[in-house]
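Open the model in your viewer and keep the selection panel at hand. This tour goes stop by stop, with something to select at each.

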Amino acid sequence: MKLGVIYGSMRKNGNTARLTEKVIKHLPDVTEVDLKNYDFKDIIDQRHDNGGFDQVDDEYDRIIDQIIDCDVLIFSTPIYWYGMTGVMKRFIDRWSQTVRDDKYPDFKEKMEQKQAYIIAVGGDNPREKGLPLVQQFTYICQFIGLQYKGYVLGQAAKPDDILQDEEALGDARKLGELLQKRAEMGNYL
């Protein structure tokens, strides 16, 4: 049983990471991937080229290798301009290549066996204005086959503001307790 957290913030120890820590702090076997620490490129769309996608010399595969065997994925992103961060979007865009990559011939099948949660924090009424982000992730999960399970939205603008959002902290605690119970039973799913 493994849980993978994919961080999409460009800030170290930001509000989104702090809220995510509330979820995972008591969970065993958590793989944390901070996208800002990896050098990976934008996708070059070659879906319709005769030769398919060219190999890309970057660190994207290192990220996939860390999360491919996780049972649960948590996508943790600040809300930037009412959507996910650019680095998170760039990571997900590369899935178009991965589903056709010989290195990961069963990528989509493995993703279908996982559950997904979203943790997002924004400063401008995120419980309403963050819902388009939640909907976008819902569609992404549907397309790739991830079992979308829910989200936690928090409100914060300045560093550590999230510690004042009792509703988000409570939601994070509940999600952490749910995942901890499942881990103790031996199965996140």
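Start with two helices. Select L19, K22 and V23 in α1, then A168, L169, A172, L175, G176 and L179 in α8: these two sets meet. Bear in mind that this is a predicted model. The crossing of α1 and α8 is right-handed.

**Stop 1: around α1**

Stay on α1. How many of its residues are buried? The count is 7 of 10, so α1 is mostly covered. Colour N15, T16, A17, L19, T20, V23 and I24 to see the buried ones. Next, show what lies over them. The cover includes strands β1, β2, β3, β4 (115-122) and β5, together with helix α8.

**Stop 2**

Select Q164. The residue sits in the loop between β5 (147-155) and α8. Is Q164 buried or exposed? Its relative accessibility is 62%, so Q164 counts as exposed. Q164 and G154 are 9.8 Å apart in space and 10 residues apart in sequence.

**Stop 3: helix α2**

Move to α2, residues 60-67. Colour Y60, D61, I63, I64 and I67, which are buried. Look down the axis of α2: the buried residues fall within an arc of 155°, so they line one face of the helix. What covers them? Strands β1 (3-7), β2 (30-34) and β3 (72-78) are part of the cover, which also includes α3 (86-93), α4 (95-98) and α5 (107-112).

Pick out D61 in this helix. At 18% relative accessibility, below the 20% cut-off, D61 counts as buried. Which residues does D61 touch, leaving aside those up to four places away in sequence? They are K103 and Y104.

**Stop 4: the aromatic rings**

Show the aromatic side chains. A search of the whole structure finds 7 aromatic pairs. Take Y60 and F91 from these. Their ring centres are 5.9 Å apart and the planes make an angle of 50°, so the pair is tilted. Y60 belongs to α2 and F91 to α3, so the pair ties together parts that are 31 residues apart in sequence. Both Y60 and F91 are buried.

Go on to F75 and F137. This aromatic pair is tilted too, with 5.3 Å centre to centre and 40° between the planes. F75 is in strand β3 and F137 in helix α7 (residues 131-144), so this pair ties together parts that are 62 residues apart in sequence. F75 has a relative accessible area of 1% and is buried. F137 counts as buried as well, at 1% relative accessibility.

Now select F40, Y60, F75, F91, W95, F107 and F137 together. They form one aromatic cluster.

**Stop 5: charges over rings**

The charged end of R90 sits over the F40 ring, 4.4 Å from the ring centre. Then select K108 and F143. Here the charged end of K108 sits over the ring of F143, 4.7 Å from its centre.

**Stop 6: I140 in α7**

Select I140, in helix α7. With a relative accessibility of 16%, I140 counts as buried. Its contacts are M84, I92 and W95, not counting residues up to four places away in sequence. W95 also belongs to the aromatic cluster. For a distance check, pick the C-alpha atoms of I140 and Q66. They are separated by 20 Å, and the two residues are 74 apart along the chain.

**Last stop: the loop between β3 and α3**

Zoom in on W81, found in the loop between β3 and α3. W81 is exposed, with a relative accessible area of 80%.

Finish on Y82, whose place is in the loop between β3 and α3. Phi of Y82 is near 70°, a positive value in a residue other than glycine. Y82 is partly exposed, with a relative accessible area of 42%.

Terms used. Residues numbered from 1 in each chain as written. Heavy atoms only, no water. Buried < 20%, exposed > 50% of the residue type's maximum accessible area, 1.4 Å probe, protein only. Helix = DSSP H or I, 4+ residues; strand = E, 2+ residues; numbered from the N terminus. Arc of directions from axis to C-beta. Contact = heavy atoms within 4.5 Å. Phe/Tyr/Trp six-rings, centres within 6.5 Å; stacked < 30°, edge-to-face > 60°. Lys NZ or Arg CZ within 6 Å of the ring centre and 35° of its normal. Left-handed = near helix turned anticlockwise from the far one by under 90°.
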